[in-house]
Amino acid sequence: MKKLYVIVLTVFATVSVRQAAAQHISYGIEAGGTISHSSWTFDGDEITKSVGGYTIGLTFGYEILDNTWLQSGVSIITKGGQYNINEPFSSDLPEIRRDRTEKYRPMYVQLPVNLAYNIGLARRTSIFVAAGGFVAQGIGGEYNSSLNYIDAPDWQDRNENRGAFKNGALRRFDAGVNVGAGLNHGNLVLRVGYDHSFLNIAKDRKTLGADEFRNRSVAIVAGLRFR
């Protein structure tokens, strides 16, 4: 009888500890859109414009202090940028213009690690702010370029499409810092985040046609989080 009591007490204590730990753990899914603007520079001048994309991922959180969470997860996210020039072909042929566009949309597997602080507003509603860093590995994406000659009907236009990392212009590994804020309401999460890479992922100017390529992106996502 005494042994049975010890076994029951041990099982009860184990279950209680697991339940207490589970109250401090969250997990979920999220998806949304991105607006990316790479600081793609040539001779010190930034020449890029923003491109749209998407992100989807799994999230994980652990409450390390009251209302303070360590957040991580894994996501698929597209970043990148584009530039466009429209200029005379040469000083000898000013009447002919060339219109050139290049767009990179690299795709990454990204792992963020953030500290988040929750501020309660109501029983199941709170807002939060978060900050931390991320590492990312390029897995795909696309590169598109077009060159069109204006007022030159006999000149042949050129178009090219390939993988974002196929020509060796960009390094696949990236890392940087991120900040964000959002709203929790029950299991629903709405979040805005900003990533800023501190790595120049351009391999060389000859291949890329620019001095550097640094990723920046804003993500607006919605998700579900469970505890």
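A residue counts as partly exposed when its relative accessible area falls between the buried limit, under 20%, and the exposed limit, over 50%. In this predicted model, Asn67 comes out at 37% and is therefore partly exposed. Asn67 sits in the loop between strand 4 (51-65) and strand 5 (68-78). Its backbone stands out a bit too: phi of Asn67 is near 70°, a positive value in a residue other than glycine. Most residues other than glycine have a negative phi.

Read from the N terminus, the elements go α-β-β-β-β-β-β-β-β-β-β-β-α-β. Of the 227 residues, 35% count as buried. The protein exposes about 13,200 Å², and carbon and sulfur atoms supply 60% of that area. As for contacts with a separation of 6 or more, 66% of them come from residues 24 or more positions apart.

Now for the charged pairs. The salt bridge count comes to 4. One of them joins the side chains of Arg191 and Glu30, at 2.7 Å from N to O. Arg191 belongs to strand 11 (residues 188-197) and Glu30 to strand 1 (residues 25-36), so this pair ties together parts that are 161 residues apart in sequence. On the Arg191 side, the relative accessible area is 22%, so Arg191 is partly exposed. Glu30, on the other hand, has 15% and is buried, because the buried class takes in values under 20%.

Another salt bridge pairs Arg105 with Glu142, with the closest N and O atoms 3.5 Å apart. Here again distant parts of the chain are linked: Arg105 is in strand 7 (residues 97-122), Glu142 is in strand 8 (residues 125-150), and the two are 37 residues apart. Arg105 counts as partly exposed at 21% relative accessibility, and Glu142 is partly exposed as well, at 34%. Glu212 and Arg214 also form a salt bridge, their closest N and O atoms being 3.3 Å apart. Arg214 is partly exposed, with a relative accessible area of 24%.

Lys166, Arg171, Arg172 and Lys203 form a positive surface patch. Lys166 is found in the loop between strand 9 (158-162) and strand 10 (173-185). With a relative accessible area of 68%, Lys166 is over the 50% limit and so counts as exposed.

Note on methods:
Residues numbered from 1 in each chain as written. Predicted model: local features only at pLDDT ≥ 70, side-chain atom pairs only at ≥ 80, totals over all residues. Heavy atoms only, no water. Patch = residues over 30% accessible without salt bridge, like charges linked within 9 Å, V, L, I, M, F, W, Y side chains within 5 Å. Areas by Shrake-Rupley, 256 points an atom, 1.4 Å probe, with all protein chains shown as cover. Lys, Arg positive; Asp, Glu negative; His and termini not counted. Charge placed at Lys NZ, Arg CZ, Asp CG, Glu CD. Helix = DSSP H or I, 4+ residues; strand = E, 2+ residues; numbered from the N terminus. Buried < 20%, exposed > 50% of the residue type's maximum accessible area, 1.4 Å probe, protein only. Contact = heavy atoms within 4.5 Å.
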